[in-house]
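Subject: Structure handover

Hi,

Here is the structure I promised you. Please open it and keep it beside this email as you read.

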Amino acid sequence: MYSAQEDPEHLDHGLVGTADQARDIARGFLSVAAPEGGSGPEAVLLVVSELFANAVQHAGGVTGFRLEARPGAVAVAVAVDDASALPPRPWPLDPRAPGGFGWHLVQELSSDVQVKVHAAGKTVTATVRCPTGVRPQPAS
């Protein structure tokens, strides 16, 4: 994503390397797609963090990252690709042990979660309720 004032030739189009970078990208996206703020964008940021961290920790890293807000939508889709064909699995919740909460959190914050296995690994897509300001474009 870039503004009309930025030169796309000078942007880094490489893969997102860390959850911090993914959250920064998501913040920029949400500042345009959901400028009203509220709990929706915060939920999107948590889902971005968890899906990204899970791909890094359990699936060898992220191979793709996308955010989408369709015109007239009341949700944002967060998609994270990785090279593992193994689907995410919930860990038993144990408040005495670290970790294991991410997949549960993603499912709780999302209205829909889909896992699609493909030749290059899998894509996990979570749809998070988040009223957007994206309006349908008039027909040309």
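First, the ground rules. This is a predicted model, in which local features need pLDDT of at least 70, side-chain atom pairs count only at pLDDT 80 or more, and totals for chains, interfaces and linings use all residues. Residues are numbered from 1 along each chain as its sequence is written, and side-chain values use heavy atoms, with hydrogens and water left out.

**The helix pair**

Start with α1 (residues 19-33) and α2. Helices are DSSP runs of H or I with at least four residues, strands are runs of E with at least two, and both are numbered from the N terminus. The axes of α1 and α2 come within 9 Å and cross at roughly 150°. Axes are lines fitted to C-alpha atoms, for helices over the stretch in contact, and angles run from 0 to 180 degrees between N-to-C directions. The crossing angle therefore makes α1 roughly antiparallel to α2 (the label applies to angles over 145 degrees).

Which residues of α1 and α2 meet? From α1 come Ala19, Ala22, Arg23, Ala26, Arg27 and Leu30. From α2 come Pro41, Val44, Leu45, Val48, Ser49 and Phe52. Contact means heavy atoms within 4.5 Å.

**Gly40**

Gly40 sits in α2, which spans residues 39-58. Gly40 counts as buried because its relative accessibility is 8%. Buried means under 20% relative accessible area, exposed over 50%, and partly exposed in between, with a 1.4 Å probe and protein chains only. Setting aside residues up to four places away in sequence, Gly40 touches Val128, Arg129 and Cys130. Pro131 is 91 residues from Gly40 in sequence, yet their C-alpha atoms are 7.0 Å apart.

**Asp81**

Find Asp81 in strand β2 (residues 75-82). Asp81 is buried, at 11% relative accessible area. Its side chain makes a polar contact of 2.7 Å with the side chain of Arg66. A polar contact is a pair of N or O atoms within 3.5 Å; within protein, one must be able to donate a hydrogen and the other to accept it, and residues adjacent in sequence count only if both atoms are side-chain atoms. Beyond four places in sequence, Asp81 also contacts residues including Gly61, Lys122 and Thr123.

**Ser110**

Ser110 lies in the loop between α3 (102-109) and β3 (112-118). Is Ser110 buried or exposed? Ser110 counts as buried, at 11% relative accessibility. A polar atom of its side chain lies 2.7 Å from the backbone oxygen of Val106.

Best wishes

Conventions: Parallel < 35°, antiparallel > 145°, perpendicular 65-115°, else oblique.
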